[in-house]
Amino acid sequence: MRHLMMSLIGILLAGTVSAQSNTTTADGREIAPLPPITIYHLEARRSERIVWLMEELGFPYELEFVRGNLGASLMNIRRANPEMPVAPTVIYGDEILVESGAIIDVILNRHAPDRLQPPVHSPDYPHHQIWMHYAEGSLAARMGIDYRVWQSQRPTS
């Protein structure tokens, strides 16, 4: 059983490595080499999306945060990005990236253009984009408002 599990893990890892080593997609789009990535994270914030993305893609990254201490994690972010200390802050090679939707777009479009999203010319692509941006735009704002109202006027039953 252990041998079978190790073989399956090897096959999965081989698939991940070969997917990252290709320089073009099936339709000829270029896949750029992934630069070193460091995610400056605050627990239960939008930086969770970037951690999830990197895990889902099987891409390497460093994670900077102090578990259970938002203040210390925010200090790490301020050191890395003093001009705009927000989560997520991602060091992408020599660049500083912010805004989770933009970071997702950069990583997917440059390094995994054939994964986790329909092709640009697919009839599904506009709907994919709508839901990707709705989740962090309209929906997140509405959920925040609803949560604050619920906190101030909790149901009695």
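## Handedness of the crossing

A crossing is called left-handed if the near helix is turned anticlockwise from the far one by less than a right angle, and right-handed if it is turned clockwise. In this predicted model, the crossing of helices α2 and α4 is right-handed.

## Angle and distance

Two packed helices are described by the angle between their axes and by the distance between those axes. Helix α2 covers residues 47–57 and helix α4 covers residues 100–111, and the two pack at an angle of about 20 degrees, with their axes 10 Å apart. Angles under 35 degrees count as roughly parallel, and α2 and α4 are therefore roughly parallel to each other.

## Residues in the contact

On the side of α2, the residues that take part are R49, I50, L53, M54 and L57, and they meet S100, G101, I103, I104, I107 and L108 in α4. Sorted by type, the residues of this contact comprise eight nonpolar, two polar and one charged.

## A closer look at R49

R49 lies in helix α2, and it counts as buried because its relative accessibility is 16%, where the cut-off for buried is under 20%. The side chain of R49 makes a polar contact with the side chain of S100, at 2.8 Å.

When neighbours within four places in sequence are left aside, R49 is in contact with S100, G101, I104, M132 and E136. As for I104, it is 55 residues apart from R49 in sequence, while the C-alpha atoms of R49 and I104 are 8.2 Å apart in space.

Definitions and conventions. Residues numbered from 1 in each chain as written. Predicted model: local features only at pLDDT ≥ 70, side-chain atom pairs only at ≥ 80, totals over all residues. Heavy atoms only, no water. Axes fitted to C-alpha atoms, helices over the stretch in contact; angles between N-to-C directions. Helix = DSSP H or I, 4+ residues; strand = E, 2+ residues; numbered from the N terminus. Parallel < 35°, antiparallel > 145°, perpendicular 65-115°, else oblique. Contact = heavy atoms within 4.5 Å. Nonpolar A, V, L, I, M, F, W, Y, C, P; charged D, E, K, R; others polar. Buried < 20%, exposed > 50% of the residue type's maximum accessible area, 1.4 Å probe, protein only. Polar contact = N/O pair within 3.5 Å; in protein donor to acceptor, adjacent residues only side chain to side chain.
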